[in-house]
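Here's a quick tour for anyone meeting this structure for the first time. Have a look at the sequence and the model, then read on.

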Amino acid sequence: MPLKLIVHEPISPLDNIVIKLFEVLIRELDDILLLIESHDGWDGSNVRVVVKVKSDEVVEKVFDAIERVERELGLPGKIIPDIVTPDES
Amino acid sequence: MYFRKFKIFYEEALRDLDIEAYNKAISTLWFSIEALLRGLLLKVNKTPPERAGKLINVAIEVLFRDIEDIFHLSRILNSLYYRRKEIDHRKKIADKADAEKALQKYMKATSIISKKYSWIKQYLKVNNSQNPDD
């Protein structure tokens, strides 16, 4: 699967968290995962996760991955996700 | 004031569940949690952020740093907010199962929070007819 990582300056500490989250999510969701990016959402969300389908199972896998990454990095509450499908992003 | 809102929203959410207003129940459960987090932050002289995402982030950082289940609490708060956003801002229409899952998460979140702030339990006491376990 072709993969493109785009870096936008300035780099923030959150970007490293996003990279870690990508590593976990690509294993869990495979090609259901379409995009992960850091962003500044209207509601304070800071990571946008775009998935092909947004079933309960997929959403729980995203929250599993976030919990795992926050545990690994010792940074609870750092990832505030906006989980969307392509038509919502 | 916010703790009173925390209780009122909780009671309203239970009534919403009773009358099968599942979308409203999910939103109201989040509003109850939101009021609780705002009240707790004000209690420690911190200004609560307006935006929900930032509110979760600051509440975890300021209020719950020292609790054992902090990572799980972070997940539950995010998950409850996600469900509310799906209902209020996206195409999702909730059914009974969705509302019951939201209530379970709400109860889990308040249970974890009450390990540190045990006095919040008094706000969750409702008449037997409104008890979610009935």
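**The sheet in chain A**

In chain A, strand β2 (residues 47-51) and strand β3 (residues 81-84) run parallel to each other, paired over four bridges. Keep in mind that this is a predicted model.

**How the strands fit together**

- One pairing to look for is A:Val50, whose bridge partner in β3(A) is A:Val84.
- To get from β2(A) to β3(A), the chain passes through helix α2 (residues 56-73) of chain A, and this β-α-β crossover is right-handed.
- That helix, α2(A), lies across β2 and β3 of chain A, and runs at about 155° to β3(A).
- On the other pairing, β1(A) and β2(A) run antiparallel, joined by five bridges.
- Here A:Glu37 has A:Arg48 as its bridge partner in β2(A).
- Put together, chain A has an open sheet of three strands in the order β1-β2-β3, with mixed pairing.
- The edges belong to β1 (33-38) and β3 of chain A, each of which pairs on one side only.
- Going from one strand to the next, the twist averages 15°.
- As a bit of background, strands of a sheet pair through backbone hydrogen bonds, and they can do so in parallel or antiparallel fashion.

**A closer look at A:Asp82**

- You'll find A:Asp82 in strand β3 of chain A.
- Is A:Asp82 buried or exposed? It counts as buried because it has 21 C-beta neighbours inside 10 Å, and the cut-off for buried is 20 or more.
- Leaving out neighbours within four places in sequence, A:Asp82 is in contact with A:Gly41, A:Ser45 and A:Arg48.
- A:Asp82 and A:Asp43 sit 39 residues apart in sequence, while their C-alpha atoms are 9.2 Å apart in space.

**Where chain A meets chain B**

- Across the two chains, 17 residues of chain A are in contact with 19 residues of chain B.
- On the chain A side, α2 and β3 each supply at least two of the residues that touch chain B.
- The most comes from α2(A), which gives five residues to that side.
- Sorted by class, the side of chain A that touches chain B has six nonpolar, five polar and six charged residues.

**Helix α3 in chain B**

- Helix α3 (residues 52-63) of chain B has twelve residues, so at 1.5 Å a residue it should span 16 Å; its end C-alpha atoms are 15 Å apart, which agrees.
- Which residues of α3(B) are buried? They are B:Ala52, B:Gly53, B:Leu55, B:Ile56, B:Asn57, B:Ala59, B:Ile60 and B:Leu63.
- Those buried residues of α3(B) pack against α2 (22-43) and α4 (70-89) of chain B.

**Two loop residues with positive phi**

- In chain A, A:Asp30 is found in the loop between α1 (13-29) and β1.
- Phi of A:Asp30 is near 50°, a positive value in a residue other than glycine.
- A:Asp30 is exposed because it has 9 other C-beta atoms within 10 Å, and 12 or fewer counts as exposed.
- Over in chain B, B:Asn45 has its place in the loop between α2 and α3.
- Phi of B:Asn45 is near 65°, again a positive value in a residue other than glycine.
- With 6 other C-beta atoms within 10 Å, B:Asn45 is exposed.

Note on methods:
Residues numbered from 1 in each chain as written. Chains lettered and ligands numbered in written order. Predicted model: local features only at pLDDT ≥ 70, side-chain atom pairs only at ≥ 80, totals over all residues. Pairing = 2+ DSSP bridges. Right-handed = clockwise from strand over helix to strand, strands pointing away. Contact = placed C-beta atoms within 7 Å. Nonpolar A, V, L, I, M, F, W, Y, C, P; charged D, E, K, R; others polar. Expected span 1.5 Å × (residues − 1). Axes fitted to C-alpha atoms, helices over the stretch in contact; angles between N-to-C directions.
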